[in-house]
Amino acid sequence: VMKTNVLRVWYVPVLVLCLNAAEDFQWTKNNPGSFYYGTFPAGFLWGAGSSAYQTEGAWEEDGKGPSIWDVFTHKKGKVYKNDTADSACESYYRVKDDIQLLKDLKVHYYLLSISWPRILPTGIKTEEVNEMGIQFYNDTINSLLDNNIIPFVSLYHWDLPQALQEKYGGWQNASLINYFNDYANLCFETFGDRVKYWITFSNPWAVAEEGYETGKHAPGLKLSGTGAYKAAHHIIKTHAKVWHSYDKTWRREQQGMVGISLTSAWGEPMDLSNQDDIDAAERYVQFYLGWFANPIYRGDYPEVMKEYIGRKSAQQGLGLTRLPIFSAQEKSYIKGTSDFLGIGHFTTRYITRKNYPSVQGPSYYTDRDLQELVDPKWPNPGSKWLYSVPWGFRRLLNFAKTHYGNPLIYVTENGVSEKIYCIQLCDEWRMEYLKGYINEMLKAINDGVNVNGYTAWSLLDKFEWNKGFSERFGFYHVDFQNKNKPRHPKASVQYYKKIVSANGFPNLRQVESWYYKALETCSTTNQPVSEDSLTTHMEMVTEIVVPIAFTLCILISAVLLAIFLQKCN
Ligand SMILES: *[C@@H]1O[C@H](CO)[C@@H](O)[C@H](O)[C@H]1NC(C)=O
Ligand SMILES: *[C@@H]1O[C@H](CO)[C@@H](O)[C@H](O)[C@H]1NC(C)=O
Ligand SMILES: *[C@@H]1O[C@H](CO)[C@@H](O)[C@H](O)[C@H]1NC(C)=O
C-alpha cells in the first residue's frame with residue numbers, strides 16, 4: 001500500500017518537471033522568421049555519432065587495457081554521482097541492435113571512435129596487440145557496411161591508454177607522437193581497405209583544456225597556463241605525422257581521407273560598434289578553433305595567441321613564452337595536413353573585452369583578455385553551457401571558410417541535451433534545435449561554405465564525462481538503471497529521419513507536418529518508458545517521500561501510544 005502511494009505522490013512532480021523543461025525552451029524567440037526552405041546539394045551525407053568510452057562499457061573485457069578515463073572515473077569525487085562508464089550503454093555487446101537503430105534513422109554513415117587501449121592495452125604496439133579488440137572493430141565495421149552504413153572512424157575520442165599516462169605524463173610528452181602513429185598505422189593497415197573517413201583526434205581542445213588545464217577531465221591535471229598548450233602542441237604534431245603516414249603509405253591503395261575534428265563555440269561581439277569587442281570575439285574563436293586549425297591550415301598558431309600569451313608570459317617574468325614554438329621545418333610539415341576539416345559545434349557566447357592583471361597567474365582563460373556572456377533569452381534546455389543559438393553556427397562555418405581557404409568540411413558533432421529528471425520522449429527542444437542548426441548550415445552552404453556532411457550528436461544517451469549520466473544527448477533514450485540498457489526512440493528520431501529523407505527542408509507544409517507526426521509517435525511510445533522511469537526514480541522518491549512518511553508514522557504512533565497509555569491508566 002505504501003509503495004503505490006509513493007508512486008502516486010511522485011507521478012505528479014514528474015509531469016510538472018517535464019512541462020517545466022518544455023516551457024523553458026522558448027525557441028520561437030530565437031528564430032525570428034528567417035527560416036530558409038530548400039534542400040542540400042545532391043550527395044550530401046547525413047550521419048549520427050558516438051564515442052567508444054561513452055557507450056561501449058566492457059571496460060576490462062577481452063583483453064582491453066585501462067584508459068585514463070577508467071582510472072579517472074574510478075576515483076571518487078571526479079564525476080557527478082561518482083558515475084563510471086564501466087558498462088555505459090553496453091554497446092560492446094549490442095552492435096547489431098545499434099546498427100538497426102541507425103538503419104531506422106536512415107543515416108548514411110555512423111561516426112564511431114576506436115578505443116586505443118582496446119587494441120593496444122599498453123598503448124605501445126611493440127608490447128602487445130589485442131586480437132580480440134581488433135576483431136571487435138573489424139566486425140563492427142563489417143556489420144555497418146553490410147547494412148549500407150559508411151563507417152566514419154575517429155582514432156582518438158579521449159580514452160588514452162593509462163600506461164602512457166603513467167610512463168610519460170600523457171600528452172605532456174613528445175614520446176606519444178610515435179606511439180600514436182604506430183597505432184594509427186595499425187588501424188589503417190587493418191581497417192583501411194574498408195574505412196575511407198578517418199579522424200585523428202576528436203575535440204582536442206577539450207583534451208588539452210579539460211585534461212591538462214582545469215583537470216575536470218581525465219587525466220585530471222591542473223597545469224594552469226602551460227599544460228594545455230603543451231598537450232595541444234604534441235597533439236597537433238601527432239596529427240600531422242599521422243596524416244603524412246597515410247599520405248605516404250596508404251593513400252594510393254586505400255583512397256580515403258584523414259582529417260581532424262575540432263569543436264568550437266562561436267563568439268559574437270557584444271557590441272558590434274565597439275572595436276575592442278570585435279577584436280575580443282575574434283580572439284575567442286582564434287583561441288578555440290584557430291589554436292588547432294591555424295597550424296594545420298596556415299602553418300602556425302594564430303598571431304593573437306602568440307602575441308597575447310607572449311606578452312603575458314613576459315609580464316609574469318618568464319624568459320620564454322608559455323606557448324610552445326614550431327620550428328620552420330615543423331611549420332611546413334604541419335601545414336596542409338588535413339583532407340577535410342571536421343567541425344563540432346554546440347553553442348555561442350557574446351564576448352566583450354576584459355583585461356586580466358598578469359599577477360593572477362598564468363591561465364588559458366586570463367591569457368585571452370575577454371569575458372563570455374550569454375543572452376538569458378537563449379533557450380537552454382539541457383547542459384548548463386549549451387544555449388541554443390542557431391545563427392552562431394552559420395557564422396562559425398563562414399569563419400572556417402574565410403580563414404582556412406574554403407576547406408572541405410564535415411560537421412562531426414552537433415546536438416543538444418536534456419535534463420536528467422525529465423524522462424521525456426517528446427523531445428521538442430531537440431527537434432527545434434536540429435531544425436534551427438541544420439537550417440543555418442544550409443544557409444552557410446548557400447554562402448559558399450563547402451560542407452559535405454552532418455553528424456547529429458548523438459545516437460544514444462551516453463556517459464557525459466564529468467557530468468556522468470545526468471545529461472542526455474541521444475536520439476534514443478537509454479535506461480541506465482536497467483541492466484539490459486533498453487533503448488527507446490525519442491520523437492526526434494522521426495524528425496531527423498524526415499530531414500535526411502528529404503535532404504533538407506522542402507517547404508513549410510511538409511516541415512510542419514513532420515513536427516506534428518513526430519510528436520504523435522512519441523506519445524504512443526511513451527508508455528513503456530514511463531514505467532521504467534518511475535522505477536528509476538524510486539531512489540529519489542524514497543529519499544524525499546519516505547523520510548516524510550516515516551516521520552508522520554512515528555508521530556501518529558506516538559499519539560496513539562499516548563492515548564493507549566492514558567486509557568490503560
Ligand atoms: C562520491 O564519493 C565521495 C568519496 O567517497 C563521497 O564523499 C561522495 O558522497 C560520493 N558521491 C555520491 C553522489 O555518492
Ligand atoms: C576483417 O574483415 C575482413 C572482411 O571480412 C576480413 O577480410 C579480414 O580478414 C578481417 N580481419 C581480421 C583481423 O579479422
Ligand atoms: C618524456 O618521457 C621520457 C621517458 O619517461 C622522459 O625521459 C622525458 O624526460 C620526458 N620528457 C618530458 C618533456 O617530460
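## Ligand 2

In this predicted model, an oxygen atom of ligand 2 is 3.0 Å from an N or O atom in the side chain of asparagine 142. Such a pair is a polar contact, that is, two N or O atoms within 3.5 Å. For asparagine 138 the corresponding distance to an oxygen atom of ligand 2 is 2.4 Å, and for the side chain of arginine 194 it is 3.4 Å. On its own ligand 2 has 360 Å² of accessible area, of which the protein covers 44%; accessible areas come from the Shrake-Rupley method with a 1.4 Å probe.

The residues around ligand 2 are Ile134, Gln135, Asn138, Asn142 and Arg194, a residue being near a molecule if one of its heavy atoms lies within 4 Å of it. By class, this shell holds one nonpolar, three polar and one charged residue. Ala, Val, Leu, Ile, Met, Phe, Trp, Tyr, Cys and Pro count as nonpolar, Asp, Glu, Lys and Arg as charged, and the others, Gly among them, as polar.

## Ligand 1

Lys76, Lys81 and Asn82 are the residues around ligand 1. The side chain of asparagine 82 has an N or O atom 2.4 Å from an oxygen atom of ligand 1. The protein buries 33% of the 360 Å² that ligand 1 exposes when taken alone.

## The largest pocket

The largest pocket contains about 1100 Å³ of space. On a 1 Å grid over the protein atoms alone, a pocket is an open set of points where a 1.4 Å probe fits, with protein on both sides within 12 Å along at least five of seven lines; lining residues have an atom within 4 Å of a point. Grid points are joined across faces, edges and corners, and the volume is the space filled by probe spheres set on them.

The lining comprises 42 residues, and Glu210, Ser383, Trp385, Lys467 and Glu471 lie nearest the centre. Two or more lining residues come from each of α9 (204–212), α11 (275–298) and β12 (418–419). Helices (H or I, at least four residues) and strands (E, at least two) are DSSP runs, numbered from the N terminus. Helix α9 gives the largest share, three residues. The lining divides into 16 nonpolar, 13 polar and 13 charged residues.

## Salt bridges

The model has 27 salt bridges, each a side-chain nitrogen of Lys or Arg within 4 Å of a carboxyl oxygen of Asp or Glu. One of them joins glutamate 56 and arginine 118 (2.9 Å, N to O). This pair links distant parts of the chain, 62 residues apart: glutamate 56 is in the loop between α2 (52–55) and α3 (68–74), and arginine 118 is in helix α5 (residues 116–119).

## Conventions

Residues are numbered from 1 along each chain as its sequence is written, while chains are lettered from A and ligands numbered from 1 in the order in which they are written. Local features need pLDDT of at least 70, side-chain atom pairs count only at pLDDT 80 or more, and totals for chains, interfaces and linings use all residues; side-chain values use heavy atoms, with hydrogens and water left out.

Technical notes. Polar contact = N/O pair within 3.5 Å; in protein donor to acceptor, adjacent residues only side chain to side chain.
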